[in-house]
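Colleague: I would like to learn how to read a model like this one. Could we start with charged pairs?

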Amino acid sequence: MTTPLKQLPAWKALEAHASSIKATHLRQLFADDPSRGERLTAEAEGIFLDYSKHRITDETLKLFLQLAEESGLREKLDAMFRGDKINITENRAVLHVALRAPKDAVIEFDGKNVVPEVHAVLDKMAAFADQLRSGKWLGYTEKPIRNIVNIGIGGSDLGPVMAYEALRHYSDRDLTFRFVSNVDGTDFHEATRDLDQEETLFIISSKTFTTLETMTNAHTARAWSLGKLKEHAAVARHFVAVSTNAQEVSKFGIDTANMFGFWDWVGGRYSMDSAIGLSTMIAIGPDHYRAMLAGFHSMDEHFRTTPFDKNLPFLMGALAIWYNDFFDAQTVAVLPYDQYLKRFPAYLQQLTMESNGKHVTLDGRVVDYQTGPIFWGEPGTNGQHSFYQLIHQGTKLIPCDFIGFFKSLNPIGRHHDLLMSNVFAQAEALAFGKTAEELKAENVADWLIPHKTFEGNRPSSVLLADHMTPATLGKLIALYEHSVFVQGAIWQIDSFDQWGVELGKVLAVRIIPELESAEEPALKHDSSTNALIRKYRAHRRPTA
């Protein structure tokens, strides 16, 4: 049995070290080490990380390197890349790295190289994307498809939505893209209300083709399409599937020749660079899509081969553990200073919290330490006029990841300089704050000084890249994917299952007939749930 985390010598040393450093202000750390800002940085694959504004010393990093060794991080990393079944509760390999491997790579699962299969699907996707983008794919009434609606949920939606927004600059502006995930009928209605059925293609993304929310929306989409197109044969020209269930796909009316598959070793939240990314490939074209995959792969190789003291995912994972477990920080704010990344924090919410929101270890012991922090965020500078007040002067410690670019894809006057000045200013203000003495020297009234004092000592990372490209997006996503892996490996949890998603879904299936039954059902829930169901049934008539 694995040695419990808190019994590892490095963990105990980190606890003692944290106690000794907590009272030290970042102002002091910088004063004692004038080269700190240049020294505590790392750069790889065009991504620059400044982690100098964290409440750490060289000793902190040394102890985390020791913790990595005691935790078997290198062995766990190698096991993932090797295709071992490290998702033990589902007996599955974790091989999203194979989705972006080059054609000549060899990554084996159960003795078989999976890379040729991956590229066969990519080639099939590319052929379809080229047909549609060129106008050669015609709808049932022989009109070209101009609207693409992706229907999925979770990883089948968050990834495609985020990637489309992030790479909109590279997208075909003659095509309209919409995304439907919520089972709330409003989502479907608003996504399709101004579209023409004759020019609309739906991508139904569901591995099993049985996901309740996705298939409810899929059947609504089919009824909407046939409301104008009439003939059931039209479905084959207006629907394609990302799935592995050929029987259900065919039963729905989709030609299985237009079914794009993926594999059990791809978790939903790690699937956006699989066939789940079909809408992304249609939007930006196969060449840009492959550039994105190359970006993923370059960060994979950096993570796999680089010593941990210069390894970007390791450094970010260690920092997340440092604050989560030794400073009682509950959240991490991700603050991209690029409008194209507006959906990136939402994407990371699933990646991080579904992966590491676990309360037992791999061998079933209840943890006696904190695991996954809450991830949240908003693009700068919008967030500055919203929640930054709490980050600067509130009572909660919130480590921040600032993401910025040296160049804008849309240079207009001074805009980008103003944007980036805020990145550097916010990180500086969080770290160093403003003292009562400084305010007094500025002749601020004594009664106002407590209100205008900034404690500082609030940690942040700054991530910089040249400009937003498909490759850069791939690198950023892979960076956070592997940071999540580092955290889960050290916490001794399974970062690749998601049993917490299941219970509510099971109970919902039980409740659905109780809501829809014409007769008063015999309810056997708790008194609160019973009362809520009865109240809903009494008021469920739709509004006009």
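Modeller: Start with the cut-off: a salt bridge is a side-chain nitrogen of Lys or Arg within 4 Å of a carboxyl oxygen of Asp or Glu. Keep in mind that this is a predicted model. Side chains of opposite charge can pair when their charged atoms come close. Here Asp196 forms a salt bridge with Lys228, and their closest N and O atoms are 3.0 Å apart. Asp196 lies in the loop between helix H8 (185-192) and strand E7 (200-205), while Lys228 lies in helix H9 (residues 212-229), so the pair ties together parts that are 32 residues apart in sequence. Lys228 is partly exposed, with a relative accessible area of 39%.

Colleague: How many salt bridges does a search of the whole structure find?

Modeller: The search finds 26. One of them joins the side chains of Asp123 and Lys103, at 3.8 Å from N to O. This pair links distant parts of the chain, 20 residues apart: Asp123 is in helix H6 (residues 115-133), and Lys103 is in the loop between H5 and strand E3 (108-109).

Colleague: Are Asp123 and Lys103 exposed, partly exposed or buried?

Modeller: Apply the cut-offs: buried is under 20% relative accessible area, exposed is over 50%, and partly exposed is in between. Asp123 has 33%, so it is partly exposed. Lys103 has 56%, so it is exposed.

Colleague: And the pair of Lys207 and Asp264: which parts of the chain does it tie together?

Modeller: Their side chains meet in a salt bridge at 3.9 Å, N to O. Lys207 lies in the loop between E7 and H9, and Asp264 in the loop between strand E9 (259-260) and helix H12 (278-284), so the pair ties together parts that are 57 residues apart in sequence. Lys207 counts as buried because its relative accessibility is 19%. Asp264 counts as partly exposed because its value is 47%. Salt bridges can also share partners: Arg100, Asp273, Asp300 and Glu481 are joined that way into one network.

Colleague: Now strands. How do I read side-chain directions?

Modeller: In a regular strand the side chains alternate between the two faces of the sheet. Take strand E5: Asn147, Val149 and Ile151 point one way, Ile148 and Asn150 the other, and all are buried. With 5 of its 5 residues buried, strand E5 (residues 147-151) is largely enclosed by the rest of the structure.

Colleague: Which strands are joined to E5 by bridges?

Modeller: E6 (residues 176-180) runs parallel to E5, with 5 bridges between them. Val149 stands opposite Arg178 in E6. The chain crosses from E5 through helix H7 (residues 155-166) to E6, in a right-handed β-α-β crossover. E7 is also parallel to E5 and joined to it by 5 bridges. There, Asn147 stands opposite Thr200.

Colleague: And helices?

Modeller: An α-helix has 3.6 residues a turn, so residues three or four places apart point the same way. In helix H5 (residues 73-82), the buried residues are Leu73, Leu77, Ala79, Met80 and Phe81.

Colleague: Which helices do the buried residues of H5 pack against?

Modeller: They pack against H4 (58-70), H13 (286-305), H14 (312-326) and H20 (470-491). Just after H5, Gly83 takes a positive phi of about 95 degrees.

Colleague: Last, the surface. Which residues form a nonpolar patch there?

Modeller: Leu212, Val509 and Ile512 do, with about 230 Å² of accessible area together. Ile512 sits in helix H21 (residues 502-516). At 30% relative accessibility, Ile512 counts as partly exposed.

Methods: Residues numbered from 1 in each chain as written. Predicted model: local features only at pLDDT ≥ 70, side-chain atom pairs only at ≥ 80, totals over all residues. Heavy atoms only, no water. Patch = residues over 30% accessible without salt bridge, like charges linked within 9 Å, V, L, I, M, F, W, Y side chains within 5 Å. Areas by Shrake-Rupley, 256 points an atom, 1.4 Å probe, with all protein chains shown as cover. Helix = DSSP H or I, 4+ residues; strand = E, 2+ residues; numbered from the N terminus. Buried < 20%, exposed > 50% of the residue type's maximum accessible area, 1.4 Å probe, protein only. Contact = heavy atoms within 4.5 Å. Pairing = 2+ DSSP bridges. Right-handed = clockwise from strand over helix to strand, strands pointing away.
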